[in-house]
Amino acid sequence: MKQFITIAFCALLLFLTGCGTNPIRPYQPSSPSSSERKAQESGVEVALDPFLESSRTKQYFDIDAVGKGIAILHVRVANKTANQTFLVEKKNFQLVRNGAAGGLTGDGKKTEHSMAAENAVAWALGPGLITGGMVSHSTEIQRNFTNKEMGNASLSPGENIEGFIYFTPVNHGEDWTQNAVVKINLTETKTQKVIELNIPLPR
């Protein structure tokens with residue numbers, strides 16, 4: 001009887017904690033992707049790599065992000081100056097799409113700001129994942145999004161930062177890079193001068 005209780009308790013623990021959930025693959029690119037785009041301004045280089053293929057988002061995020069309406073963008077920022085420091089903040093990355101269908105501003109542009117990982121995943125997965133196995137799986141997905149998310153940073157000379165930023169909602173299954181430009185504002189901390197980069201994404 002005691003052995004049965006122990007086994008039942010262990011099974012319940014696995015059910016609640018999701019210990020059986022396989023970890024999601026880390027993203028460690030050995031070389032730049034063919035879809036990567038770069039720009040440099042005032043000694044700062046920014047490289048962007050949009051994740052457009054469902055197979056690629058499933059591999060590294062265990063979710064069809066494109067089908068769920070999440071735009072995933074890998075970002076690398078490198079400070080190549082000798083004596084300047086730049087503030088890098090996710091909120092200053094904007095996805096601007098010319099002629100995007102729906103939700104257009106007066107100038108015919110749709111602008112989306114980056115969204116925190118937990119909010120992007122919650123929006124995409126939606127309510128209803130309430131059974132034990134599904135909760136543990138969605139929790140693992142959200143943890144993976146958060147762990148891979150680019151943080152805000154003060155980038156000193158010679159330093160770099162990389163990670164993912166997310167935009168939601170985009171139309172489910174669409175090529176969200178079509179006619180799209182990522183607008184980035186970086187602030188030089190000493191002078192408070194704002195450096196602006198505009199990087200067109202591949203179609």
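**Talking through the sheet and its cores**

Modeller: In this predicted model, four strands make an open sheet, ordered 1-2-3-8, with antiparallel pairing.

Colleague: What makes strand 1 and strand 8 the edges?

Modeller: Strand 1 (37–41) and strand 8 each have a single partner strand, so one side of each lacks a neighbour in the sheet. On average, neighbouring strands here are turned by 20 degrees against each other, ignoring direction.

Colleague: How do you know that strand 2 and strand 3 pair?

Modeller: Pairing takes at least two bridges, and eight bridges join strand 2 to strand 3, which run antiparallel. Therefore they count as paired. One example is Ala47, whose bridge partner in strand 3 is Arg76.

Colleague: And helix 2, where does it pack?

Modeller: Helix 2 packs on the sheet and touches strand 2, strand 3 and strand 8. Its direction makes about 105 degrees with that of strand 2.

Colleague: Which residues of helix 2 are buried?

Modeller: For helix 2 (residues 54–61), those are Arg56, Thr57, Tyr60 and Phe61.

Colleague: What puts them on the same side of helix 2?

Modeller: The arc they cover around the axis is only 95 degrees, so they sit on the same side of helix 2.

Colleague: Why is Ile72 called buried?

Modeller: The cut-off is under 20% relative accessible area. Ile72, in strand 3 (residues 71–79), has 0%, so Ile72 is buried. Setting aside neighbours within four places in sequence, Ile72 contacts a list of residues including Thr57, Phe61, Phe145 and Trp176. Asp49 is on that list too; the C-alpha atoms of Ile72 and Asp49 are separated by 8.6 Å, and the two are 23 residues apart along the chain.

Colleague: Which residues have the most contacts inside the largest nonpolar core?

Modeller: Val46, Val77, Phe93 and Leu186, in a core of 27 residues. Among the elements giving two or more residues to this core are strand 2 (44–51), strand 3, strand 5 (93–98) and strand 9 (180–188). Apart from it lies another core, of 13 residues, among them Phe61, Ala65, Phe145 and Phe164.

Colleague: How many of the residues reach a pLDDT of at least 70?

Modeller: 70% of them do, and the chain average is 79. Over residues 100–108 the pLDDT stays under 50.

Key. Residues numbered from 1 in each chain as written. Predicted model: local features only at pLDDT ≥ 70, side-chain atom pairs only at ≥ 80, totals over all residues. Heavy atoms only, no water. Buried < 20%, exposed > 50% of the residue type's maximum accessible area, 1.4 Å probe, protein only. Arc of directions from axis to C-beta. Contact = heavy atoms within 4.5 Å. pLDDT = per-residue confidence, 0-100. Core = buried A, V, L, I, M, F, W, Y, C linked by side-chain atoms within 4.5 Å. Axes fitted to C-alpha atoms, helices over the stretch in contact; angles between N-to-C directions.
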